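Colleague: I would like to go through the labels in this model one by one. Please give the grounds for each.

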Amino acid sequence: MPTREAPQPPYVLLFEEAAPGAEPLLISVDDRGALPLFHSPEKAQAFVDSADFGPGYKPVEVSGMGLIAVLEGLRGKVEHVALDPPPASESGMRVEMGGLDELLEALQTSGGEDDLFGLGGLSSN
């Protein structure tokens with residue numbers, strides 16, 4: 001199995017409003033519903049600026065526990081997480097996907113901050 005680096009904080013999602021219970025932007029990647037998850041506000045902003053998702057979506061950094069709450073609320077709505085999807089203008093780029101339930105389980109197991117997919121991506125120096 002190829003080694004891939006697990007996503008690390010910060011966790012950035014796109015919201016129309018940063019309020020409790022607000023649902024983040026959901027997208028379709030190859031006809032699969034997904035939550036776009038970014039590792040920087042800049043990547044998130046470049047993505048939202050590249051497509052017409054409607055007015056008002058802004059990057060919002062969430063904690064590990066905040067991400068857990070969002071993922072739990074999305075169960076049954078989408079099954080995937082799209083990691084740092086590229087701007088729409090960069091067509092032909094492959095989007096790395098992970099399972100929403102797999103990510104949620106890894107976050108809950110790790111305390112919400114480290115080694116999201118249980119891949120042992122942490123190094124001890």
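This is a predicted model: local features need pLDDT of at least 70, side-chain atom pairs count only at pLDDT 80 or more; totals for chains, interfaces and linings use all residues.

Colleague: Which residues of α1 are buried?

Modeller: Ala 44, Phe 47 and Val 48 are buried in helix α1, which covers residues 41-49.

Colleague: How do you know that the buried residues line one face of the helix?

Modeller: Seen down the axis of α1, the buried residues fall within an arc of 95°, so they line one face. In general, an α-helix has 3.6 residues a turn, so residues three or four places apart point the same way.

Colleague: What do the buried residues of α1 pack against?

Modeller: They pack against three strands: β1 (11-15), β2 (27-29) and β4 (58-62). The contact cut-off is heavy atoms within 4.5 Å.

Colleague: Why is Asp 30 called exposed?

Modeller: The relative accessible area of Asp 30 is 67%, and exposed means over 50%, so the label applies. Asp 30 sits in the loop between β2 and β3 (32-37). Asp 30 also has a positive phi of about 50°, although it is not a glycine.

Colleague: What makes Asp 84 partly exposed?

Modeller: Asp 84 has a relative accessible area of 24%. Buried means under 20% and exposed over 50%, with partly exposed in between, so Asp 84 is partly exposed.

Colleague: Where is Asp 84, and what is its phi?

Modeller: Asp 84 lies in the loop between β5 (80-83) and β6 (96-99). Its phi is positive, about 45°, although Asp 84 is not a glycine.

How values were computed. Residues are numbered from 1 along each chain as its sequence is written. Side-chain values use heavy atoms; hydrogens and water are left out. Buried means under 20% relative accessible area, exposed over 50%, partly exposed in between (1.4 Å probe, protein chains only). Helices (H or I, at least four residues) and strands (E, at least two) are DSSP runs, numbered from the N terminus. The arc is that of the directions from the helix axis to the C-beta atoms.
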